[in-house]
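Morning, everyone. Have a look at it first.

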Amino acid sequence: YDSIRRRLRKTLRIADHAAILFTPSGTDVELIATALACEDPDRPIVNIIVGPNEVGSGTPLAAAGCHYDSLLPNGETVMVGDPVNDEFAHRILPELVPLRHADGVMLESAELDDHVTILVERAVARGAVPLLHLVAHSKTGMHAPSLACVQRLQQRHADLVVIVDGAQGRFSRKGMAESLAHDHLFILTGSKFFGGPPFSGALVVPRRFAELARQRPGLPSGFDQYFTAPAMPSTWHGIRHSMPQNPNLGVLLRWTAAMAEIEAYYETPSDARLRVLRYFEQQVPRTFEESAHARLLAVHPPVLGEKRLLQSKTTVFNFSVNHASGDSLDMLALRRLHGQINTDLTDQTVGSERILSARFHLGQPVKIGETKAALRLALGGELIVRVSTDLRLGATLNDRLRWLGEQLATVRTKIDLVLAAEQEVPLTL
């Protein structure tokens, strides 16, 4: 663990005074982040979850101090929704802030800021510790609340604790450093954008909370079902003493693989990475505007503009898929299509053999509001590295960018072929 911690600190340029701990998943981070954020056992906690439908599916339960899965990391089984620790869970009041209207239309930034502000003010008025989740990038690419709103609330309320949900990995190193400098706890994973194995979570703890954690005699009982001593910082003696002493080898192996991907990404020349990011951002709308069935949804504007590489470039495009009648595919139909896109369909569908044999792994379908659903076309670190450096895709970067454009066009055409075949509608290629 110490070796992984050193490599992660070096690669992401995490300051020495910040502590790093590892968890079995990005959702498990929520439990320990909530526990570290409030020292006073007599004060209630209002945990404000922004975008509950667009972050980890278990996040709302974990944020309430409850089990979100029937199988625990230590192998035991529990009832989903039961408290991890009765006393701890009893102190927590979760407040959920949706990012979209019921019809799927994104809420305006000002509306989200107002909603969050009201919840923080109410929490303070009742004497609770307000925990506010800043979603650095939801599954569909939204950022909320605004940084200006967070800054105003922090200036007004010294007790406000901000947890940055960067689990999608679509943040910049400078953005993380600034968050930690403002005493924000920072959630990340080695999967998602970076392309490491699933279930590799981590929490970066700023100096203020790291110092408090060093003095703690332990964490609430029940947390030892999720976390082990070696995954905790070595200076957190009380907390480590309260945890199982054997390492979670699965976490260690997954993070070892994830670190190889993270290091490869940042070892790739930044100018090449930027060109790939810009190309993807510009080419996806051009390609999909020609689709007979896929419709790109509105893109949320970047939260930090041109000052942040990954937050200033759109790396996730969401799209609905429509029948010829104009009706959108529902979640069940999108899940089926998601599998078909990643399957060789040459024996099942009449059409272009080259296109139907191509396989693509897209982002899983997500709910958009209450009634709609969308697939996600996401650019990840592993693909950026390949296009930047893999000469098998083309002798020059321009050649490799053209290859990327061809892949996007093939995805679009395969979607159209599948929909046309199912509806027996002829499609001209």
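When I say helix or strand, I mean a DSSP run, H or I of at least four residues for helices and E of at least two for strands, numbered from the N terminus. This is a predicted model, so local features need pLDDT of at least 70, side-chain atom pairs count only at pLDDT 80 or more, and totals for chains, interfaces and linings use all residues. Residues are numbered from 1 along each chain as its sequence is written, and side-chain values use heavy atoms, with hydrogens and water left out.

Start with R13. It sits in the loop between helix 1 and strand 1 (19–23). R13 is exposed, at 58% relative accessible area. Exposed means over 50%, buried under 20%, partly exposed in between, with a 1.4 Å probe and protein chains only.

Next, D183, in the loop between helix 7 (173–181) and strand 6 (185–189). D183 is not a glycine either, yet phi is about 65°. This residue is partly exposed, at 26%.

Which peptide bond is cis? The one from A144 to P145, with omega near -10°. P145 lies in the loop between strand 4 (129–135) and helix 6 (147–156). For context, most peptide bonds are trans, and most residues other than glycine have a negative phi.
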